[in-house]
Amino acid sequence: MTTDTRTTTPYLIHLVLALMLSALPAMGQTSKGEAVIDSLKTALAHQTDEEKTQTLSELFRQYYLTLQVDSAFNALDQLIQLHQKRGDVDGEGAARWNIIALLNNAGKHQQLLEQAEEQMEWYKQHKMWDRFYQCWQRTCSANHDMGRIQTALVEAENMLDYATKHDNNFGRAMAYKQMGITYYDINQFSESAKALEQSVILLREEADMTGMRSGVYEVLCQSYDRLQRYEEAYKLTFEWEEYLHSLEKKHTISIISPTLVSCYVARTKAHMRLGRFDEAHKTLEQAIKYQEMGKSTLTLFYIHEMNGLLALEEGFVGQSIAYTDSALALGIYVDESIYELRGKALFKAGRGLESAETYRRLYERKDSIFNRDMRTQLDELNTIFKVDELQRKQQRTIMYSVIIIGSLVLIALLLFLAYRWREEKVLKQKNNELMEANARAEESLKIRSEFIKTISHEIHTPLNVLSGFAQIITSPDMSLTKEETSNIHQLISDNTKRIVGLVSKMLELSEASSQAVINRSDTISPHAIAEQCINHSAITTYSPAVKFTLLEELTTNELNVKTNLQAATRALGQLLDNAKKFTKEGEITLRITNDAHTLHFIVEDTGIGIPTNESERIFEEFTQLDKYTEGTGIGLSVARNLVRRLGGDIMLDTAYTQGARFDMTLPID
C-alpha cells in the first residue's frame, strides 16, 4: 500500500495480504512453482471449455500468490472470454471482481481507477449491486491511498446519495464504511465511530456474508480506543468474533484465522486499557493460537507489537524492546506506532541516546509525510476546482478559485505551524525527560567505572603475590623447607581463587545488561535444578542457626522443563545466596510448584526483609539496601535478566512480611 496508516487498507484486503505474506517462504521454491504453472499452461491446449475454466482459475491463483500481476491479468482476460462464450454471467462477474482485487492488492491505484469505471458499468447493467458498490468503495479507497482525502470523501458521499436514492442498504453500508476509514485517518475519531456504527447496523440487517463487515469492526475498535471508549471496544470484539466464525461455513479456518488474530489483538488491547492484565495475556494467547493456524507475517507483526505494548504497560521494559525488535525484524512496514512504542521502551530502559535517535527519525518521517500529503492535497484541490481550465474560460471564476485555494493554503499553513509548535513542545518535553535519563545513565556509568576501578585494583594484589612466589619457586638458588613450600602452595591457591572470583564479578556486570537470547536446549526435572543449586550453594550446612527446607509440591513427579540448565541454576543460586546473606538465624525454604504453563521456584526466608517501596529498585544494578553487607549489588539484576531471557521472570512477593519471598518462574513448554 502507498499510505502510512494501517486503517486505510480494508480489512479483507489485510486478510488477503496476510495470506500472501504467509506464502512468501514457499515462493522461494521457484522451480516448484514454475513447474506447476508450466503444467497448467500445457494442460490448457487439450481441454474442453469447462475444464479450461477450472485450469485458468487455478492458474490465476498461482500467479496471484507469486505476485505475477501481468500474467494474472492475462489469465483473467481468458477466463472472462470463456465465461462470455458459455453465457456464465456469475462466473464473469467473479472474474471481473478479481481484476479490481488484484489491482488493489498490488497497489496499482491509478490503474484501478481506470478499470473500475468499466467494471461498475458492467455490474450495473447486470444488476449485481453488491459488486457494483464494492467496486465503487474500492475507487474511494484508491483515492484515499493516493492521498486524495477530499476526493475520497466526496466519492463516498456520492455513493451514499446514490444508494439512498435506490434504497440499497449494502451500498449505504459501503459508503459509511469508507467515510469511517477516511475520518479515522484525519483524526476525526468521533465522526469515524458514528459512520462505522451506521455501517455495522446496515450490514447486520443485510445478513452480510461477504466478509466486508470484518473490516468495519477493526476500524471501529480502533476509533473506540482513540476515544477511550474501552468497554465498548471490548464488547464489540465478541460480535466481531461471532461474525468471523459464521464465515467458516464458506471459508476454511486457515482463511479466517488471520482476521481472528486481529479480533483477539483488539480485545487484548481493550483488556489492557481497562487494567485487566491477566485477561489480556489469556486473550493474547488465543491470538497466538489462531496465528499458528494460518501463519502470516502480518499477523505475527501485530502479535509482537501487542506483546511489546503489554510488556511496557506492565513495566517489563526489556521484554518490550525485545518484542519491538522481533516485529521490526519481520521486514514489513505497517505504521509509525511500532517506532513510537520502541522509543518509549528505550527511554524507560535508560537508553536515552537510542530513544532520542528513534524519536528523531520518527519526527523526520512525520514531517516528510505531512509535507507530501500537503502537496498531494493542494494538487487535489487544483484538480477539484479545475484552476487551469477556469483561467481560459472566465477571469472572475479564476479570482474565486485563487481566493479559495489561497484560503486553504493559509489554513494549511496555520495548521502546519500549529502542528510544528505542538511537535516542538512535545520534543522539548522529551528532551527534558532525556536529560534526566542521561543524568541517571551517567550516574550508573560512574558507579560502573568505580566498580571496574575497584576490581582492577583488587586484581593487582593477588597477581603480585603470584608473580613473587613464581620467582621464588623458579629461582635455582632458593632452598625451601617442606613447611615453607606448603605455605606457598596454599597462598598461590588462595590468590588464584581470589582472581577467579573477581573475574566472575566482571562477567556478572556484563551479564546484567545483556539482551542476547539464551538457547533453551536442556530438558531437565525441577528437582535436578534445585538439587544442583542446593549443592553448589552449600545452603544446608552453612549455618547451624538457619534451617533449610526443600518442598516439592508439583502436580506430577514426571514433570520436565525445557530450559538452559546453566542459566536457570545460576539464577536460582543467586536467590539462595541472597537468602543466606540476609538470614543470620531462622528458616530458608525453597518451594517448587507448577500450574498448567509455568514452573515456580519460590525462595522465602525469615531475614531482614525488603521494604515494599524498594520492590523494583532491588533489581537495578549496584543496588544495596544495606551498605554494610558484602556484595556488588548486581546479583538480583543478573538473576532477573537471565530468567527473562529464558521466557520467565523473578518477582518479589510484597505481601510476605516475615522476611523476603522471591518467585522465580520458568515456562514449562
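The legends below describe close-up views of a predicted model.

**Figure 1. Overview of the predicted chain.** The chain has 669 residues, of which 45% are buried. Its secondary structure consists of 24 helices and seven strands. Among contacts with a separation of 6 or more, 67% join residues 24 or more positions apart.

**Figure 2. The largest nonpolar core, around Tyr133.** This core holds 96 residues, and Leu102, Tyr133 and Trp136 touch the most other members. A second, separate core has 40 residues, including Cys533, Val561, Ile618 and Val638. Beyond its neighbours within four places in sequence, Tyr133 is in contact with Met159, Tyr162, Ala163, His166, Asn168, Phe170, Gly171 and Met174. In soluble globular proteins, nonpolar side chains tend to be buried together.

**Figure 3. Cysteines Cys135 and Cys140.** Cys135 is buried, with a relative accessible area of 0%. Cys140 is likewise buried, and its relative accessible area is also 0%. The structure contains zero disulfides.

**Figure 4. Ser257 in helix α13.** Helix α13 covers residues 253-273 and includes Ser257. Ser257 has a relative accessibility of 0% and therefore counts as buried. When residues up to four places away in sequence are set aside, Ser257 touches Tyr290, Met293 and Gly294.

**Figure 5. Glu354 and its salt bridge to Arg351.** Glu354 is found in helix α18, which spans residues 352-385. A salt bridge joins Glu354 to Arg351, with the closest N and O atoms 2.9 Å apart. Both partners are partly exposed: the relative accessible area is 36% for Glu354 and 26% for Arg351. Glu354 also lies 7.8 Å from Gly343, C-alpha to C-alpha, and the two are eleven residues apart in sequence.

Figure 6. Side chains of opposite charge can pair when their charged atoms come close. Glu553 counts as partly exposed because its relative accessibility is 43%. Glu604 and Arg591 are both buried.

**Figure 7. The salt-bridge network that includes Arg591**. Glu553, Arg591, Glu604, Asp653 and Arg661 are linked in a network of salt bridges. Across the whole structure, a search finds 18 salt bridges.

**Figure 8. A nonpolar surface patch that includes Ile404**. Ile404, Leu408, Ile411 and Leu415 make up the patch, with an area of about 330 Å². Ile404 is in helix α20, which runs over residues 395-474. With a relative accessible area of 35%, Ile404 is partly exposed.

Technical notes: Residues are numbered from 1 along each chain as its sequence is written. This is a predicted model: local features need pLDDT of at least 70, side-chain atom pairs count only at pLDDT 80 or more; totals for chains, interfaces and linings use all residues. Side-chain values use heavy atoms; hydrogens and water are left out. Patches are made of residues with over 30% relative accessible area and no salt bridge: like charges are joined within 9 Å, nonpolar side chains (Val, Leu, Ile, Met, Phe, Trp, Tyr) within 5 Å. Accessible areas come from the Shrake-Rupley method with a 1.4 Å probe; for residues, only the protein chains shown count as cover. A salt bridge is a side-chain nitrogen of Lys or Arg within 4 Å of a carboxyl oxygen of Asp or Glu. Helices (H or I, at least four residues) and strands (E, at least two) are DSSP runs, numbered from the N terminus. Buried means under 20% relative accessible area, exposed over 50%, partly exposed in between (1.4 Å probe, protein chains only). A disulfide is a pair of cysteine sulfur atoms within 2.5 Å. A nonpolar core is a set of buried Ala, Val, Leu, Ile, Met, Phe, Trp, Tyr and Cys residues joined through side-chain atoms within 4.5 Å. Contact means heavy atoms within 4.5 Å.
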